[in-house]
Amino acid sequence: MDQIFIVRQILDKFYANDIALHLLFIDFKKASNSTNQKKLLESLVSFGIPNKIERLVKMTLEGAQAKVIVDGKISTPFGIRVSTGVRQGDGLSATLFNLVLHKALKNLEQNNTILNRLTQICGYATDILVTARSLPALEAMC
């Protein structure tokens, strides 16, 4: 709701001042499947995540095992390999993906707001909104 409110406020201010505004919506829904795990671990380090947490994340990505219950019988353990991306359905996966995305967008992000510069990035979960005051500025961001 907060992100929708922010977009409404931006649109209202630009409409009221008769200023052109270009919007680009990006949905990274499937992107978590192709996240580079090396970059993920680099992101953890760059944000100052403790080494212990980094090692635990690495362990969950590399050496997890599971068992299945069928008709009340437990199967033998089998390995779960995740060669790229983060594990789907894992509670930590969304946070890990957001860290990688945040690191990638950090290089693009500037200070101030769209009212006193050409571009602005708004993000929530796996959705990103890039706003620009001109089409060339929007194309430069992408």
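These legends describe close-up views of a predicted model.

**View 1. Confidence along the protein chain.** The chain has an average pLDDT of 76. At least 70 is reached by 73% of the residues. Strand E4 (residues 73–74) scores highest, at a mean of 93. Strand E6 (residues 119–124) scores lowest, at 68.

**View 2. The largest nonpolar core.** Nine residues form this core. They are Phe97, Leu101, Ile121, Ile128, Val130, Ala132, Ala137, Leu138 and Met141. Helix H4 (93–106), strand E7 (127–132) and helix H5 (135–141) each give two or more residues to this core. A separate core has eight residues, including Leu40, Leu44, Leu99 and Val100. In soluble globular proteins, nonpolar side chains tend to be buried together.

**View 3. A nonpolar patch on the surface.** Leu11, Leu23 and Phe25 make a nonpolar surface patch of about 280 Å². Phe25 sits in strand E1 (residues 22–27). Phe25 counts as exposed because its relative accessibility is 59%, and the cut-off for exposed is over 50%.

**View 4. Asp18, a loop residue with positive phi.** Asp18 lies between helix H1 (2–16) and E1, in a loop. Its phi is positive, near 50 degrees, and Asp18 is not a glycine. Most residues other than glycine have a negative phi. Asp18 has 73% relative accessibility, so it counts as exposed.

View 5. Asp71 is not a glycine, yet it has a positive phi of about 50 degrees. With a relative accessible area of 76%, Asp71 is exposed.

How values were computed
Residues are numbered from 1 along each chain as its sequence is written. This is a predicted model: local features need pLDDT of at least 70, side-chain atom pairs count only at pLDDT 80 or more; totals for chains, interfaces and linings use all residues. Side-chain values use heavy atoms; hydrogens and water are left out. A nonpolar core is a set of buried Ala, Val, Leu, Ile, Met, Phe, Trp, Tyr and Cys residues joined through side-chain atoms within 4.5 Å. Buried means under 20% relative accessible area, exposed over 50%, partly exposed in between (1.4 Å probe, protein chains only). Helices (H or I, at least four residues) and strands (E, at least two) are DSSP runs, numbered from the N terminus. pLDDT is the predictor's confidence in each residue, from 0 to 100. Patches are made of residues with over 30% relative accessible area and no salt bridge: like charges are joined within 9 Å, nonpolar side chains (Val, Leu, Ile, Met, Phe, Trp, Tyr) within 5 Å. Accessible areas come from the Shrake-Rupley method with a 1.4 Å probe; for residues, only the protein chains shown count as cover. A salt bridge is a side-chain nitrogen of Lys or Arg within 4 Å of a carboxyl oxygen of Asp or Glu.
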